[in-house]
Amino acid sequence: MRESGILQPVFSLPSKFGIGCFSREAYEFVDFLEKSGVGFWQILPVGPTGFGNSPYQPFSAFAGNPYFIDPEKLIEEGYLTWDEAGGFFFGSDQEKVDYGALYENRSSLLKIAFSRFEQKLGSDAQLKKEYHAYTKKESFWLEDYALFTAIKQNQDQKSWQDWEEGYKKRTPGALAKAGKEFAEDIAFAMFVQFMFDRQLKSLHAYAAGKNVKIIGDLPFYVSLDSADVWSHPEVFCMDRDLKPTLVAGCPPDAFSRDGQLWGNPLYDWNRLKKDGFDWWVRRIERNYEFYDVIRLDHFHGFESYYAIPYGAENAREGEIRKGPGMDLFKALKAALPQVCTEDFVGTQPPRGSGEKPRKVLPMIAEDLGNNTPENEKLLYDSGFPGMKVLQYAFTSWDSYYVSHKHLTNSVVYTGTHDNTPLRAWVEEINEGERDFARRYINSLNTDYGAFVWDMIREAYSSVADLCIVPLTDYLTLGREARINMPGSSDGNWQWRLRPNFLSDELSGSIRKMTEIYGRIPVKKTEDE
């Protein structure tokens, strides 16, 4: 298996409604992928975002982002009119998401659709059956999430840590009272998740029909202010007063004298192991409803993690502790045999070894950074492909990421959502690194745009079975198209593709690359 993929977040798609969503443009992007001979679409996490709008700090590890619901589909289904949808302001910049405008207006538009949905639910037997089947199937997380969002709204969006005692500690009386008082808000939250579920699964099915598989990112940690921690504090290191005892971060190093204090609550891995990692099993199972492949963020955290006492001023007081390791992945594989596969990267043994392909969970390990022997062993034992990022390859002659050190069971990227676009990288690196890169990839191009395409060609020629390139790199866009700047809270998660910006010429250029380097996906027959 040799294939390629494009990294393009859902929110970065064009649309009429201020942010990329599961709209016509998403389906057209799938068509573009198929035409280009590209078999994977990496979309990043799709959970509901909070302050900072980071998809890696969602309010829920199970729920979906309401902003991704396509109003046009709601219009087609009779829940909205064009006049209603056009009566709300969702931002005026086609190249940037205006999260303030979305926060102010998107919920109001969806509430109009909800009122008509409630009316239709009383008369449409098929819709009622579908909705009730959904709420029953997702009851493990859906009811708590809906209650969480309803209480949060009626508590002025404060963190659940600051709610009144009964809500915070989930006393039966307080929850029963909230269920009655906030019944309409709870029902609205469940409607939103139902619509999100339908629309993403419809897009997923369309992509499957075009032989395009979806890769979704799974954040390692969850936010303290999330429905997950509120409803399942036993999963995390919390005291009797529901305060975290330990939080996440990383130790001091050459770049940070005090280390980094992230503040996410840590998992109580010992307790999780006793019940077969049930919460994690449910989480992974839910994610496979949306994605064909899961990219595990911060894979090193499964081997070991840095624990900092809650309330510490910085990360110097922390200590390194062992993670769940293979115990978790064995439990996931045993509990989810239906998603294990023999046609993903991690199934393939070393070429010439004589070993047979094995069934694995279709996952990619984000193993960047701390490449210790323990981390490398966990990666090998899991069978998951790791990542090789070319932007990290030219800092030294013995770099871990240069192409001649790649493995077949790996995924090569030109850059990720956390990197600057390749065009800006080429322009901004020092002359020594640029000269090394030119000589290594044998690029004679002095034009930076052509140099970017030489770097893309280098990624395609790698022995890595999967090659993923951000759309921004194919378009040779600069720093203005950066998706995220780690460590900065300004201007992230905003870049959007301009409407009608993808051309047949670009599709043809990508397809030539996929054909030359043997990365055209093999279409399965109906029997397979």
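Helices (H or I, at least four residues) and strands (E, at least two) are DSSP runs, numbered from the N terminus. What you have open is a predicted model, in which local features need pLDDT of at least 70, side-chain atom pairs count only at pLDDT 80 or more, and totals for chains, interfaces and linings use all residues. Residues are numbered from 1 along each chain as its sequence is written, and side-chain values use heavy atoms, with hydrogens and water left out.

**Stop 1**

Start with the loop between helix 18 and helix 19 and pick Asn500. Its phi is positive, about 55°, although Asn500 is not a glycine. For background, most residues other than glycine have a negative phi. Asn500 has 80% relative accessibility and so counts as exposed (over 50%; buried is under 20%, partly exposed in between, with a 1.4 Å probe and protein chains only).

Now jump to Asn211, in the loop between helix 9 and strand 3 (213–218). Here too phi is positive in a non-glycine residue, near 65°. Is Asn211 buried or exposed? At 15% relative accessibility, it counts as buried.

**Stop 2: helix 4 against helix 5**

Select residues 99–121 (helix 4) and 125–137 (helix 5): their axes come within 8 Å and cross at roughly 110°. The axes are lines fitted to C-alpha atoms over the stretch in contact, with angles running from 0 to 180 degrees between N-to-C directions. The two helices are therefore roughly perpendicular (65 to 115 degrees; under 35 is roughly parallel, over 145 roughly antiparallel, the rest oblique). Show side chains for Phe117, Lys120 and Leu121 on helix 4, and for Leu127, Lys128 and Tyr131 on helix 5; these make the contact (heavy atoms within 4.5 Å). That set splits into four nonpolar, no polar and two charged residues. Nonpolar covers Ala, Val, Leu, Ile, Met, Phe, Trp, Tyr, Cys and Pro, charged covers Asp, Glu, Lys and Arg, and the others, Gly among them, are polar.

**Stop 3: rings**

Rings of Phe, Tyr and Trp (its six-membered ring) pair if their centres lie within 6.5 Å; planes under 30 degrees apart are stacked, over 60 edge-to-face, and the rest tilted. By this rule there are 57 aromatic pairs. Phe11 sits in the loop between strand 1 (3–7) and helix 1 (24–36), and Trp493 in the loop between helix 18 (471–474) and helix 19 (504–516), so the pair ties together parts 482 residues apart in sequence. Both Phe11 and Trp493 are buried.

With centres 5.8 Å apart and planes at 50°, the pair is tilted. Phe117 and Phe194 are buried as well.

Next, charges over rings (NZ of Lys or CZ of Arg within 6 Å of the ring centre and within 35 degrees of the ring normal). Arg283 lies over the face of Trp280, 4.9 Å from the ring centre, and Arg438 has its charged end over the ring of Phe451, 4.5 Å from the centre.

**Stop 4**

Select Trp41 in strand 2 (residues 40–42); it is buried, at 0% relative accessible area. Beyond its sequence neighbours, Trp41 touches residues including Ile6, Phe29, Leu203 and Ile214.

Finish at Pro309 in strand 7 (residues 304–309), partly exposed at 29% relative accessibility. Its C-alpha is 4.6 Å from that of Leu246, 63 residues away along the chain.

Key:
Lists of a residue's contacts leave out its neighbours within four places in sequence.
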